[in-house]
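Hi,

Here is the structure I promised to pass on to you. Have a look at it first, and my notes follow below.

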Amino acid sequence: MTGSASTLADLIAGIQTGGIRVVDLTQPLHASTPILQLPPEMGQTWKFELQEISNFDSRGPLWYWNNFKTGEHTGTHFDAPGHWISGKDYPNNLTDTIPPAKFIAPACVIDCVKEAEKNPDFLLSPDHIKAWEKTHGRIPKGAWVLMRTDWALKRPQPDEYINAQADGCHTPGPHPELVPFLVKEREVIGFGNETVGTDAGQAFTFDPPFPCHSGMHGANKYGLAGLIHLDQLPPAGAIVIAAPLKIVRGSGSPCRVIALVPGK
Ligand code: 23J
Ligand code: MN
C-alpha cells in the first residue's frame, strides 16, 4: 500500500499519539556555534550573527524580529553536490534545485562512540559497516549513513569540538575506502557526521583529499554535518527529514534535521 492516504493518516496519528517519536538532530545556532577554520590564506566562512531589528520597542512596538548572517556551512547543515568540484556539473546539484523528495530518507546509524572516544582521528571503514550489517541488515539503497560518535554531546566547548592542534584538526570521519563502498555497493543518499564537517579533521592529508566531499558529491550524493543526538536513534528504522533553505545557487545551508523513530 504505497502512496495511499491511510499511510499518511497512520503517520500523523503516530506522531500525535507519540507512537512515532520525533527527534531533533539539530544543534542550536548562535554566535558561538563552532565553524570550520581553513588555512588563513583561504576564504573563511562567517560565524552565525543575530542582529535585533526591534523588540516591542520604538523600533517596532508590536513586533520582535532579527536579521541574521552566517555561512552556508554553519552548524547542523546540508552539503549539496555542487559544493565540491567533483559535483559541480551535475544538474539539480544546488540547494534550490535538488528534488525535494531527496530531503526525506531512511537512516542507518553506525555506533562509533567507543572508537572515537579512544581515538579522535577514528575513521569508519567498510569492515565496520559490514559488521553492522550482520546485526542490522544490509544498508538499503537511498539511505543516509550517519556516523554516531556523540561528539557534540561529549565536547560542548567549541575548542574541544573543533579539536585543532598544530597539525590541523583531529575529529573522526569516514575512511577514504568507505566512500566508494557506500556510493557504488550500497547506493546511499549521503553521509552524515556529528562533527563540524562530513570529512575527518585530518582529511586534507588523505588520498584523495577530503574523500567524503570528493567521493559523495562526485557521485551526486549529499552530506549532513554538525548532527547531534544520534544517540536517540535506533541503528536502523528511523526516517530523517533534512531540507536546506532554498538559497538560489546555494552550496548548502543550515537546516533543521528531524528524525521519525518508530516505538516509544
Ligand atoms: C570547505 C572546504 C573544506 C571543507 C568544508 C568546506 C566542509 O567541511 C563543509 O562544511 O562542507 S572540509
Ligand atoms: Mn558543509
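Which element gives the largest share of the nonpolar patch? That is H1, with 4 residues. Please keep in mind that this is a predicted model.

Leu8 sits in helix H1 and is exposed, because its relative accessible area of 59% is over the 50% cut-off. In an α-helix, residues three or four places apart point the same way, because there are 3.6 residues a turn.

E12 has an antiparallel partner in strand E4 (residues 77–79), joined by 3 bridges, with Asp79 opposite Gly223. Strand E11 (residues 190–193) runs parallel to E12, again with 3 bridges, and here Gly190 is the bridge partner of Tyr222. Together with helix H7 (residues 211–218), E11 and E12 make a right-handed β-α-β unit.

**Salt bridges**

The whole structure has 9 salt bridges. One of them joins the side chains of Glu117 and Lys154, at 2.6 Å from N to O. This pair links distant parts of the chain, since Glu117 is in helix H2 (residues 113–118) and Lys154 in helix H4 (residues 151–154), 37 residues apart. Glu117 counts as exposed at 56% relative accessibility, while Lys154 is partly exposed at 41%.

Glu187 and Lys141 form another salt bridge, with their closest N and O atoms 3.7 Å apart. Glu187 lies in the loop between helix H6 and E11, and Lys141 in the loop between helix H3 and strand E7, so the pair ties together parts that are 46 residues apart in sequence. Glu187 is partly exposed at 38%, and Lys141 is exposed at 63%.

Arg148 and Asp150 also meet in a salt bridge (2.9 Å, N to O), and both residues are buried. Glu52, Asp57 and Arg59 are joined into one network by salt bridges that share partners.

Best wishes

How values were computed: Residues are numbered from 1 along each chain as its sequence is written. Chains are lettered from A and ligands numbered from 1 in the order in which they are written. This is a predicted model: local features need pLDDT of at least 70, side-chain atom pairs count only at pLDDT 80 or more; totals for chains, interfaces and linings use all residues. Side-chain values use heavy atoms; hydrogens and water are left out. Helices (H or I, at least four residues) and strands (E, at least two) are DSSP runs, numbered from the N terminus. Buried means under 20% relative accessible area, exposed over 50%, partly exposed in between (1.4 Å probe, protein chains only). Two strands pair if DSSP finds at least two bridges between them. A crossover is right-handed if, with the strands pointing away from the viewer, the path from the first strand over the helix to the second runs clockwise. A salt bridge is a side-chain nitrogen of Lys or Arg within 4 Å of a carboxyl oxygen of Asp or Glu.
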